Amino acid sequence: MTAFAAERLLFTPATPDTDAIETIFAFPNEYTVGITSLGYQVVWATLAMRSDVAVSRLFTDVREQLPPSPELLGFSCSWELDYVNILNLLESLQIPIRAANRDENHPLVFGGGTVFSANPEPFADFFDIILLGDGENLLDNFLDAYKQVRNADKRTQLIHLAQIPGIYIPSLYEVIYTEKTGGIKSIQPVTNKIPSYVDKQTYRGNVLSASTVVTQKAAWENIYMVEVVRSCPEMCRFCLASYLTLPFRTASLESSLIPAIERGLAVTNRLGLLGASVTQHPEFETLLDYLSKPQYDNVRLSIASVRTNTVTQKLAETLAKRDTRSLTIAVESGSPRIRQIVNKKLNNDEIITAAINAKAGGLKALKLYGMVGVPGEEVEDVEQTVTMMRSIKKAAPGLRLTLGCSTFVPKAHTPFQWFGVKPQAEKRLQLLQKQLKPQGIDFRPESYNWSVIQALLSRGDRRLSYLLELTRHYGDTLGSYRRAFKELRGQIPEMEFYVYQTWSTEQILPWEHLQIALPKSTLIKHLATAEAEFNLLAAS
């Protein structure tokens, strides 16, 4: 069975009009990955339900019948290193990878998704259009605006689109640097017809997303996904998922969650509840009661990471009965000091209670997520994570414990965006590995080298586009990036500038002209609160 033939649609596609806008909507990875992305599913369905759009899908391994002369080519991107596949797909379609080299015969290339909403600048030269924010209103506004200038020349189209809130046209903003290898001097629109700042669009309704297709070919076979919450109320100071998507929104139980779940369970018995902090939905207990009904006894339930102090025995029992064997919680560190610095409102007793409740409820395993290299961290803080894991093992014997651990990566639009990566983090991951393995605790570190690349792309500016073109041919290893930096020496800043330096709050950030959630002044206040914690805790 082919990938597309295995699909069960939960929406009715429209029959395209004779003059419908020929559109390709791509995901820069394999089908099994792309079709598991809820964001990709929802945007594709939105396009397919418009009769004025004729949409074809494109993945790296499979494609639908593509139009010979598309007007629009869109990419949904949720992983930074997929930029390689974006450039490869453009070339496969015989479209120049740089927007400046395209003419009137090429489609307008647009991008959306988490990566581009966070910091589109390293990729900006490859796109005509970036859609910033939630697609619920933005996508329709974009298409309606495009139709108004559909027959105009490209520059007229772009200037018109740039006036629509949330639509960012990189070529219409000029970035001037203090020098080739220096910081940014200014970011200004090239015409007074467009705004100086682009505002991310935020959907504020209480009907959130749910799967539009179910397929056995998905990475999570036959799963039906329902978005329970959007953003997170905790606002840990390093967390992109919280700051980028503010404010915290919850789906209505009656008008969103239950109808969506009933639609999905009519075609599959596998249900995924999505969100950065699912158990903080105000009616989560009621939702659990609903899913505990006998009619759903055959349902396999998966749940995204939950807040530690909401792990009750009842939650564990419900999940265990619904074929879930483990639960995932983010604790960041075993050090109360570090949790205070990052604004993680959690204590060790709550973490141990979560483990005890998980075991008592019948779950077999508990996965914890931690981090090293956090600003203000000392070796003693890492050792406290080892102590915490030992305490959990002692309190809940027989519960399989896994600690996944990453290196702190500065993310745009968070209070910690000004900090750099700590080179000591690599040794601290090794310390955890050495200490935890003999305890029978499964330690899963994320690659330190990948964290360095992530930080580079997270804090990068437009000059990185030249680097990305080179590394695409060298391979996506840290060595390839270092090789490319060496080749471009004197033309762009060194890797040190982007990855390891602590930036001044006075300097102009690459995304200064993009208004995402909180203003820079507010982020500086949040940063000052964290730095006060450094000093207070150091003094004690």
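Select Thr23 and show its contacts. Beyond its neighbours within four places in sequence, Thr23 touches Val53, Ala54, Val55, Ser56 and Leu72. This is a predicted model. Colour strand E2, residues 21-26, and you will find Thr23 in it. Is Thr23 buried or exposed? Thr23 is buried, with a relative accessible area of 1%, and the cut-off for buried is under 20%.

**Next stop: Arg50**

Select Arg50. Look for it in the loop that runs between helix H2 (38-48) and strand E3 (53-58). Its relative accessible area is 13%, so Arg50 counts as buried, given the limit of under 20%. Now show the side chains of Arg50 and Asp140. What joins them? A polar contact of 2.9 Å does.

**Next stop: helix H6**

Select residues 154-161, which form helix H6. Start at its N-terminal end. Which residue caps it? Asp153 does: one of its side-chain oxygens lies 3.2 Å from the backbone nitrogen of Arg155.

Now pick out the buried residues of H6. These are Lys154, Gln157, Leu158, Ile159 and Leu161. Show what they pack against. Two of the partners are strand E5 (108-112) and strand E6 (129-131). The others are helix H5 (135-148) and strand E7 (167-168).

**Zoom out: the whole protein**

Clear the selection and switch to cartoon. The protein has 19 helices and 21 strands. Its radius of gyration is 24 Å, close to the 24 Å that the globule rule gives for 540 residues, so the protein is as compact as a globular protein of that length. Orient the view along the principal axes. The C-alpha atoms fill a box of roughly 70 × 60 × 40 Å.

Colour by burial. Of the 540 residues, 56% count as buried. Switch to a surface. The protein exposes about 22,100 Å², and carbon and sulfur atoms supply 49% of that area.

Turn to contacts between residues at least 6 apart in sequence. Of these, 74% join residues at least 24 apart.

Finish with the charges. There are 56 positive and 57 negative ones. How far apart are their mean positions? The answer is 6 Å.

Technical notes:
Residues numbered from 1 in each chain as written. Predicted model: local features only at pLDDT ≥ 70, side-chain atom pairs only at ≥ 80, totals over all residues. Heavy atoms only, no water. Helix = DSSP H or I, 4+ residues; strand = E, 2+ residues; numbered from the N terminus. Rg over C-alpha atoms; globule rule 2.2 N^0.38 Å. Buried < 20%, exposed > 50% of the residue type's maximum accessible area, 1.4 Å probe, protein only. Contact = heavy atoms within 4.5 Å. Areas by Shrake-Rupley, 256 points an atom, 1.4 Å probe, with all protein chains shown as cover. Lys, Arg positive; Asp, Glu negative; His and termini not counted. Charge placed at Lys NZ, Arg CZ, Asp CG, Glu CD. Polar contact = N/O pair within 3.5 Å; in protein donor to acceptor, adjacent residues only side chain to side chain.
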